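Subject: Structure for you to look at

Hello,

Here is the structure I promised to pass on. Please open it first, then read the notes below.

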Amino acid sequence: MEILDNNLEAPNIVEAANSSAPRSWRTCPSTPVRFRLSPQMMPFNMVSISQSGGLINTFPYQANAIQINVISRIAKLYLADPIPLFANVHSIKVASPLELAVSFAMNKTDNEKLKAFILHNYIQRKGLD
């Protein structure tokens, strides 16, 4: 009986990769995901998202112009809910003139909500529901 474990958490979704470490599965959200750093800055749309990061569209700003404002900050992620998830931004790099690649970490509760969002988005995009 000790072997049985009632695990109600959403599964970790990873993609097969040639590298030794699995990579969190990414999706292009079918509903807008907003990334906001502060009330003074406008929110940006996320082009793709995973459990550990994403790609942010910085339009109308150049990505390299706002890169310094993003690192080591706590961002709010707005999924399809007005209540945000909090993400601690660890690293960021310019992916293109109008896109930033961001890596972040979340507390367990927010990460479970993000996993559920990614899984739901995948099911919607594949037409499985």
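Helices (H or I, at least four residues) and strands (E, at least two) are DSSP runs, numbered from the N terminus. The model is predicted, so local features need pLDDT of at least 70, side-chain atom pairs count only at pLDDT 80 or more, and totals for chains, interfaces and linings use all residues. Residues are numbered from 1 along each chain as its sequence is written, and side-chain values use heavy atoms, with hydrogens and water left out.

Start with T58. T58 sits in the loop between β5 and α1. Is T58 buried or exposed? Its relative accessible area is 0%, so T58 is buried. (Buried means under 20% relative accessible area, exposed over 50%, partly exposed in between, with a 1.4 Å probe and protein chains only.) A polar atom of the T58 side chain lies 3.5 Å from the backbone nitrogen of A63. Leaving out residues up to four places away in sequence, T58 touches F44, A63, I66, P97, L98, E99 and L100. (Contact means heavy atoms within 4.5 Å.)

Next, β5 itself. Four of its five residues are buried. β5 pairs with β4 in the antiparallel sense, over five bridges. (Two strands pair if DSSP finds at least two bridges between them.) β4 and β5 form a hairpin, with two residues between them. S48 has L55 in β5 as its bridge partner. β5 also runs antiparallel to β8, joined by five bridges. There, I56 stands opposite L100.

Now the aromatic rings. Rings of Phe, Tyr and Trp (its six-membered ring) pair if their centres lie within 6.5 Å; planes under 30 degrees apart count as stacked, over 60 as edge-to-face and the rest as tilted. How many aromatic pairs does this rule give? The count is one. The ring centres of F44 and Y61 are 6.3 Å apart and the planes are at 80°, so this pair is edge-to-face. F44 lies in β4 and Y61 in the loop between β5 and α1, so the pair ties together parts 17 residues apart in sequence. F44 is buried, at 4% relative accessibility. Y61 is partly exposed, at 39%.

Last, the core. A nonpolar core is a set of buried Ala, Val, Leu, Ile, Met, Phe, Trp, Tyr and Cys residues joined through side-chain atoms within 4.5 Å. The largest one has 26 residues; F35, M46, L77, V102, F104 and L114 touch the most other members. β7 gives the largest share, four residues.

Best wishes

Key
Polar contact = N/O pair within 3.5 Å; in protein donor to acceptor, adjacent residues only side chain to side chain.
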